[in-house]
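Subject: Structure handover

Hello,

Here is the structure I promised to pass on. Please open it first, then read the notes below it.

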Amino acid sequence: VQLQASGGGSVQAGGSLRLSCAASGRAFRTYVMGWFRQAPGKEREFVAVINWSGDSTYYTHSVKGRLTISRDNAKNTVYLQMNSLKPEDTAVYYCAAALTYTTFPSAYGYWGQGTQVTVSS
């Protein structure tokens with residue numbers, strides 16, 4: 001599966017962005033989809049995951065209540081709605097696909113190219 005992330009940009013603290021990740025290739029609906037992020041000088045970290053049907057999600061603690069992952073299997077797309085953004089959310093955001101429901105980056109075999117999110121105070 002090939003993944004293409006988009007929707008990043010620059011916003012002020014408290015603002016919103018919606019990231020999209022379009023998938024092509026093998027059956028999208030068979031994959032667990034995750035969002036990860038990497039800030040300058042830091043390791044890539046897990047943000048959110050959604051199962052194949054969309055009825056199960058899990059978030060890292062720091063984004064709970066502010067970021068929402070969703071998917072549209074008819075459009076082969078996964079989304080990350082980002083509200084109440086904070087400067088510490090600044091990072092390159094990556095979407096990824098896996099065959100298991102997990103937060104570990106090593107389990108994800110397919111990655112998008114990343115999209116930059118910058119939040120200013």
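Aspartate 89 and arginine 66 join their side chains in a salt bridge, 2.7 Å from N to O. This is a predicted model. Aspartate 89 sits in the loop between S8 and S9, and arginine 66 in the loop between strand S6 (57-59) and strand S7 (67-72), so the bridge ties together parts that are 23 residues apart in sequence. Aspartate 89 and arginine 66 are buried.

Aspartate 89 has another partner. Its side chain also meets that of arginine 37 in a salt bridge, at 3.0 Å, N to O. That pair links distant parts of the chain: arginine 37 belongs to strand S4, 52 residues apart from aspartate 89. Both aspartate 89 and arginine 37 are buried. For arginine 37, the relative accessibility is 6%.

Arginine 37 also bridges to glutamate 45, at 2.6 Å, N to O. The structure holds three salt bridges. Arg37, Glu45, Arg66 and Asp89 are linked by them in a network.

Now the aromatic rings. There are seven aromatic pairs. One of them joins phenylalanine 36 and phenylalanine 46, edge-to-face, with 5.8 Å between centres and 75 degrees between planes. Phenylalanine 36 is in strand S4 (residues 32-38) and phenylalanine 46 in strand S5 (residues 45-50), 10 residues apart. Phenylalanine 36 is buried at 0% relative accessibility. Phenylalanine 46 is buried too, at 10%.

Another pair is tyrosine 94 with tryptophan 111. Their ring centres are 6.4 Å apart and their planes stand at 80 degrees, so this pair is edge-to-face. Tyrosine 94 lies in strand S9 (residues 91-98) and tryptophan 111 in strand S10 (residues 108-111), 17 residues apart. Is each of these two residues buried or partly exposed? Tyrosine 94 is buried, at 14% relative accessibility. Tryptophan 111 is partly exposed, at 27%.

Ring pairs gather Phe36, Phe46, Tyr58, Tyr94, Tyr108 and Trp111 into a cluster.

Two arginines sit over rings as well. The charged end of arginine 44 is over the ring of tryptophan 111, 4.7 Å from its centre. Arginine 71 lies over the face of phenylalanine 28, 4.4 Å from the ring centre.

Best wishes

Notes:
Residues numbered from 1 in each chain as written. Predicted model: local features only at pLDDT ≥ 70, side-chain atom pairs only at ≥ 80, totals over all residues. Heavy atoms only, no water. Phe/Tyr/Trp six-rings, centres within 6.5 Å; stacked < 30°, edge-to-face > 60°. Helix = DSSP H or I, 4+ residues; strand = E, 2+ residues; numbered from the N terminus. Buried < 20%, exposed > 50% of the residue type's maximum accessible area, 1.4 Å probe, protein only. Lys NZ or Arg CZ within 6 Å of the ring centre and 35° of its normal. Salt bridge = Lys/Arg side-chain N within 4 Å of Asp/Glu carboxyl O.
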